[in-house]
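Hi everyone, thanks for coming along.

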Amino acid sequence: MKSITLKKLFLLHSWVGIVTAVLLFIIAFSGALAVLSRPELKIWANPELQTSQYVPSTQVSRLVNEYYKQVPSEFGENIHVYMPSGHNFYLLTLVYESHHGDENYSEEVAKVFQFHPDTLALVDTYYGPSKAFYAGKKTDAPTYIGEFHADLHLGRPIGLILTGFLGLTLLVSAVTGLFIHRKLIKELFTFRRGKGLDIAISDAHKVIGIWGSVFNVVIGFTGAFLGLATIILLPAAAFVSFGGDQDKLIETFTAIPETVVSHVKQPTKINTILENAHSRYPDAIVRDVTIMAHNDANAQVYIRLLGGEAVASQLLHYQGNGEFVQSMSSFGDISGISIKVIELMFPLHFGNFSGVFVKLLWVLLGFSTALLPISGMMMWLAKRTRGSNPNLTLSAYARWNRFIIGSCGGLVLASFVLFPVQVILNYSVSGAAQNAYFGPIFFYSWLGWLLIGLLPMHYKNYFKLTLLLCGLVLSAVLPLNILFGHSNIINFNSGLVAVVDASFMLVGIVCIWCALKIKTSTKPYLEAQVP
Amino acid sequence: MNELLILTAMVSLLLMMLNLRKNTITRPIKALFCTILFIISVMCFTGVYGFIGGVICTIAGAMVAGLLTAIIAGKAPQLLD
């Protein structure tokens, strides 16, 4: 490739990286944590899910029929059963929906019954607009971080557009990085630890960039698709193929169409259907069940499965009498290679197509992606302080470093703070009332730590303090759970909780150990800023 | 059984990376070892996660193994000697 083209690509790589570095770190770090949010960390965060995530199909069938008798007939148009699998609600949730409202509401309205997954005792009920129910559902620390990754809590569409755009910039950075790095194969394993911080950072940037390139391209592309699909791609596709009619496009890609009620009574065999689904895909998890026109001759049942041998999630379609119709994708029974590719995008982005091992791979690669923009930015800054005519003063260099530590380290600290807070909230606040705490605690601790960076302290000391606090906060989870938790490492009520607590402790100790290894600078402030 | 297959696959990938990094063996032998170890890894992962899942896992596993080898073991030019 011509050197002038390489120079242009280098400029593009540098500027895209510099402008989006902090945001890319935020997205990548929260994404790496979010990989484990459902179901592992969600189960850890909800004591109700810790004892059991499985409800026998006979019990599901019994509850659906029992509560169906208690709601007006129009609420049987559409029944959603959300299993307590750690993917949706923390309780077994039955939602009876009337699409055309009732005597009190003109919009879509729902009657909801929520049960404890283990005892099946009725815990909560709801009556009102469907949208309000879904908007007000109980959240927890891992879900909060997962949602932050999706739209930065900026709301939709702004948040989605921003994260989608950042996916594109990651894609651009990964591809241009591969082109401009000419010693790709030669430096496959070059990591010189003992030759100073600048060289180690430069080597780390290259090594992570090369080894993580395929992952970064895939995550960038799928992230851009997930962020921009509903906001830009959907209207564009509707414009091209459906004459601008978005509703028609959605109707085509909706796997669950409206069912015509025949008003001929026929019991819907929920138990038989669930048993059949389990025998067909024994390793898959039932996430939710949708029953259309319950106890009608035209009743249809749809079961959403995750895992098993299929990489993408599947939707099983049954007639109400228990007859299996077909297995299809979440987008419905649409043929063609493009729909297969779209289907694969979700598991490839979330890393949820198999067990915990695959998720751990995604977490490690996700953290390496988070380190890329930061190491790149540090290289860019350090380069500008060197030479006979540096264009960045030492104090400016120190300010930039403190900004990076405050914004990125602050995010790490704010995310970690949510975990001990979750344990305390489980002890002191019940249900959806917990929702009010996560936002303020997360954003104020992040902002507070960023503002501390304004103080004239050496950036190494600031980094050491950040690492130390992160370690202390994570280490606090295990003792807090022993004191307040329903399951912990001593009573071993849940193996998952014990493993998660021990992992938090281990990561915390590593953070503290690394922090203690950093030598504190005792020189006067400005003199000490020399890189 | 699945745990054993996953462990075998990851060990194969790590050995493949260490083999790639080594500069005391000739290129054909290096290529042969790498191919054999990669095939073992694909077979193990395919046995656990199916064909598509297995291939995806092998690629992701190779990336992590390469990254760990580079960060922990380090050291420079290997392939072009």
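Let me begin with a definition: the expected span of a helix is 1.5 Å times one less than its number of residues. Helices here are DSSP runs of H or I with at least four residues, and strands are runs of E with at least two, numbered from the N terminus. Before we use that, two notes on the source. This is a predicted model, in which local features need pLDDT of at least 70 and side-chain atom pairs count only at pLDDT 80 or more, while totals for chains, interfaces and linings use all residues. Residues are numbered from 1 along each chain as its sequence is written, and chains are lettered from A and ligands numbered from 1 in the order in which they are written.

Now try the rule on helix H8 of chain A, residues 197-211. Its 15 residues should span 21 Å at 1.5 Å a residue, and the end C-alpha atoms are 21 Å apart, so the two agree. H7(A) does well too: with 23 residues, it reaches 32 Å from first C-alpha to last, close to the expected 33 Å.

Which residues of H8(A) are buried? By buried I mean that 20 or more other C-beta atoms lie within 10 Å of the residue's own; exposed means 12 or fewer, and partly exposed is in between, with C-beta atoms placed from the backbone. In H8(A), the buried ones are Ser202(A), Asp203(A), Ala204(A), His205(A), Lys206(A), Val207(A), Ile208(A), Gly209(A), Ile210(A) and Trp211(A). Their cover includes H7, H9 and helix H13 (356-385) of chain A, together with helix H2 (27-73) of chain B. Leu197(A) is also found in helix H8, but Leu197(A) counts as exposed because it has 12 C-beta neighbours inside 10 Å. Leu197(A) and Ile256(A) are 59 residues apart in sequence, and from C-alpha to C-alpha they are 56 Å apart in space.

Since chain B has come up, here is its contact with chain A. Two residues are in contact if their C-beta atoms, placed from the backbone, lie within 7 Å. Chain B puts in 24 residues and chain A puts in 24 residues. On the chain B side, helix H1 (2-21) and H2 each supply at least two residues, and H2(B) gives the most, with 15.

Next, H7(A) and its partners. How do H7(A) and H9(A) pack? Helix H7 (residues 158-180) and helix H9 (residues 213-241) of chain A pack at an angle of about 155 degrees, with their axes 7 Å apart. Axes are lines fitted to C-alpha atoms, for helices over the stretch in contact, and angles run from 0 to 180 degrees between N-to-C directions. That makes H7(A) roughly antiparallel to H9(A); angles under 35 degrees count as roughly parallel, over 145 as roughly antiparallel, 65 to 115 as roughly perpendicular and the rest as oblique.

With helix H1 (residues 3-34) of chain A, the angle to H7(A) is about 140 degrees and the axes are 8 Å apart. That makes H1(A) oblique to H7(A). The H1(A) side of this contact includes Leu6(A), Leu9(A) and Phe10(A), and the H7(A) side includes Thr163(A), Leu166(A) and Thr169(A).

The buried residues of H7(A), among them Leu160(A), Thr163(A) and Gly164(A), pack against H1, H6, H8 and H9 of chain A.

Most residues other than glycine have a negative phi, and most peptide bonds are trans. The bond from Arg38(A) to Pro39(A) is cis, though, with omega near 5 degrees, and Pro39(A) is found in helix H2 (residues 37-45) of chain A. The bond from Arg156(A) to Pro157(A) is cis as well, with omega near 15 degrees; Pro157(A) lies in the loop between helix H6 (141-151) and H7 of chain A.

Leu152(A) lies in the loop between H6 and H7 of chain A and has a positive phi of about 55 degrees. With 18 C-beta neighbours inside 10 Å, Leu152(A) counts as partly exposed. Phe492(A) has a positive phi near 55 degrees, and it counts as exposed because 10 C-beta neighbours lie inside 10 Å.
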